[in-house]
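Work through the exercises below with the sequence and the model open. Each task is followed by a solution in steps.

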Amino acid sequence: MTATNDVAMTRRGVLASAGAGASAAALGSAPAPAQTGAPKTFVLVHGAWHGGWCWRRVADLLQKRGHKVFTPTMTGLGERSHLIDGKVNLATHVRDIVNVIKWESLNDIVLVGHSYGGMIISGVAEEMREAIGSIVFLDAFVPENGDSLAAKASQPVRESIAAAEGETVMKPVSAAVFRVNEMDRGWVDAMCTPHPLATLTDKITITGARERIAKKAYIRAKGYPSVPFDGVQERLKADAAWRVYELPCGHDAMVDMPDRVAEILAEVA
């Protein structure tokens with residue numbers, strides 16, 4: 001089943017009583033979304049230069065609905081930026097997420113990857129497919145065997161990677177380039193850290209484990225121009241095994257539209 005152009009916010013839950021409804025209306029606030037179905041476990045994987053911090057708004061919303069949420073930061077980034085060095089590669093970041101799943105004994109998870117995180121969750125699926133109930137790519141790369149991010153990225157990012165040749169790390173791309181909303185650009189720029197270059201140039205090995213996951217979804221943030229991501233979106237729209245959504249926001253959809261992102265993740269869980 002495929003859902004396209006899914007840009008309208010869905011209505012949230014109903015109030016428990018008319019009295020509560022009157023109180024909420026008087027306060028001008030919306031009620032908390034109702035919990036539907038059994039609680040799920042989400043593992044939210046950030047993109048390049050980011051850290052687990054970028055998921056805080058979405059994680060809070062999911063946790064309020066009763067779900068369990070993990071937002072690991074990969075080696076060398078965010079609060080683990082002190083660990084960055086030339087030895088950190090794509091396999092390191094895949095192992096970071098695999099180990100969270102193993103050591104937390106997680107099962108039937110909703111595995112979500114943003115941007116570069118699509119490379120990571122594809123690699124994680126190769127090792128941990130049995131633990132993954134749903135996999136979601138948020139404005140992310142959906143690599144095939146032998147792909148690298150450096151080969152598949154949009155032109156500005158490819159140029160930035162090429163300019164970093166000979167280095168072991170790559171400076172962050174500005175939030176403005178990724179069309180983050182203006183109010184949050186300063187915060188995002190302040191939080192982003194250099195990224196291990198090898199993770200962007202390493203090629204990934206894909207054998208088809210990702211495709212065997214029962215529930216798969218792709219969310220395209222159309223406010224960020226990206227020929228590669230548009231191509232992925234069109235390809236997956238033609239595949240009945242995938243649910244495809246659109247959001248009218250910049251690349252960091254979890255920052256720009258956390259409510260809608262949380263709703264979609266709960267829906268595809």
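**Exercise 1.** How many disulfides does the count come to?

*Solution.* The model is predicted: local features need pLDDT of at least 70 and side-chain atom pairs count only at pLDDT 80 or more, while totals for chains, interfaces and linings use all residues. Residues are numbered from 1 along each chain as its sequence is written, and side-chain values use heavy atoms, with hydrogens and water left out.

Step 1. A disulfide is a covalent bond between the sulfur atoms of two cysteines. The rule applied here asks for a pair of cysteine sulfur atoms within 2.5 Å.

Step 2. By this rule the count is zero. Take Cys54: the nearest cysteine sulfur belongs to Cys192 and lies 8.1 Å away, and Cys54 is in no disulfide.

**Exercise 2.** Is Cys54 buried or exposed?

*Solution.* Step 1. Buried means under 20% relative accessible area, exposed over 50%, and partly exposed in between (1.4 Å probe, protein chains only).

Step 2. Cys54 has a relative accessible area of 2%, so Cys54 is buried. Cys249, at 6%, is buried too.

**Exercise 3.** Classify the ring pair of Phe137 and Trp242.

*Solution.* Step 1. Rings of Phe, Tyr and Trp (its six-membered ring) pair if their centres lie within 6.5 Å; planes under 30 degrees apart count as stacked, over 60 as edge-to-face and the rest as tilted. The structure holds six such pairs.

Step 2. The centres of Phe137 and Trp242 are 5.7 Å apart and the planes stand at 50°, so this pair is tilted.

Step 3. Strands are DSSP runs (E, at least two residues), numbered from the N terminus. Phe137 is in strand β4 and Trp242 in strand β8, 105 residues apart. Both residues are buried.

Methods:
Helices (H or I, at least four residues) and strands (E, at least two) are DSSP runs, numbered from the N terminus.
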